[in-house]
Amino acid sequence: MARVHPTAVVDRHAELAADVEVGPLAIVEAGVALGPGCVLHAHAIVRGPTSLGARCIVHPFAVVGGPPQAKRHDGGPARAEAGEANVFREHVTVHGGTEGRTTRIGAGNLFMVGAHVAHDVVVGSGCVFANSVQLAGHVVVEDHVTIGGLTGVAQFVRIGESAFVAGHTACERDVPPFVVAQGNRARVRGVNAVGLRRRGVPEESIKALAKAVRLLWSSEVTRAEALRRLAANGDPWVARLIAALAG
């Protein structure tokens, strides 16, 4: 049986796996599905319709799911889905999608204090969002991204895989994969060598990416000419960078 504190409020139409823990004064609304091993600490709120995969942890005063902050929202279901092993720290907010869409979060992400995930956002897996990171509606964050505290990401912006966005950055345009971005407004500063090594990318590929980043953003060569030169590089990680830029 799920372990539910006597002061918690769990709607009878919510689905809780057998070993879920719901702490004091936590709230689980109708339409919520909590997978095995999920833990809701005191005062945590999960609003329906929302599903959390196995071993997700929701800390005090975090709110996962619920209506979006969108004027055009018609009041219909605002769905949110998260995979396994996500951690939502204190005061994190995740809003459901609009117009039948779903806010989607992958697996193994850490959302630190005060982070916000707006409507229709898609987050990959293995990401870290530091304190007060703000993701506006329709943002896409690919796998293995780290975003520093107090960073804002504008609507419809895409943050490429294994990018590192420094704290206090304002992202109004897409951030390419594998790079370090920083500033107001965000600019590419180099390759995210630390993140790539942690991911297990071969050292020769990291060096090839570093050369590619310098050619693309720190040289006098036009973007078209830089891409033409890089097409002959042959490194698979450089090829992924070129494909992302072309897309």
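1. Helix H1 (residues 193-199) contributes the most to the lining of the second largest pocket, supplying 4 residues. Please keep in mind throughout that this is a predicted model.

2. The lining of that second largest pocket consists of Gly126, His144, Thr146, Ser162, Phe164, Asn192, Val194, Gly195, Arg198 and Arg199. By class, these lining residues split into 6 polar, 2 nonpolar and 2 charged. The volume of the second largest pocket comes to about 160 Å³.

3. Now for Asp143, which sits in the loop between strand S21 (140-141) and strand S22 (146-147).

4. Leaving aside residues up to four places away in sequence, Asp143 touches Gly124, Ser125, Cys127, Glu161 and Ser162. With Ser125, a polar atom of the Asp143 side chain lies 2.8 Å from the backbone nitrogen. The C-alpha atoms of Asp143 and Ser125 are 4.8 Å apart, although 18 residues separate the two in sequence.

5. Finally, the largest pocket holds about 590 Å³ of space. Its lining has 23 residues, and Asp174, Val175, Pro176, Trp217 and Leu245 are the ones nearest the centre. Strand S28 (187-191) and helix H4 (236-246) each provide at least two residues of this lining.

Conventions. Residues are numbered from 1 along each chain as its sequence is written. This is a predicted model: local features need pLDDT of at least 70, side-chain atom pairs count only at pLDDT 80 or more; totals for chains, interfaces and linings use all residues. Side-chain values use heavy atoms; hydrogens and water are left out. On a 1 Å grid over the protein atoms alone, a cavity is a set of points where a 1.4 Å probe fits but cannot get out, and a pocket is an open set with protein on both sides within 12 Å along at least five of seven lines; lining residues have an atom within 4 Å of a point. Grid points are joined across faces, edges and corners, and a volume is the space filled by probe spheres set on the points. Ala, Val, Leu, Ile, Met, Phe, Trp, Tyr, Cys and Pro count as nonpolar, Asp, Glu, Lys and Arg as charged, and the others, Gly among them, as polar. Contact means heavy atoms within 4.5 Å. A polar contact is a pair of N or O atoms within 3.5 Å; within protein, one must be able to donate a hydrogen and the other to accept it, and residues adjacent in sequence count only if both atoms are side-chain atoms.
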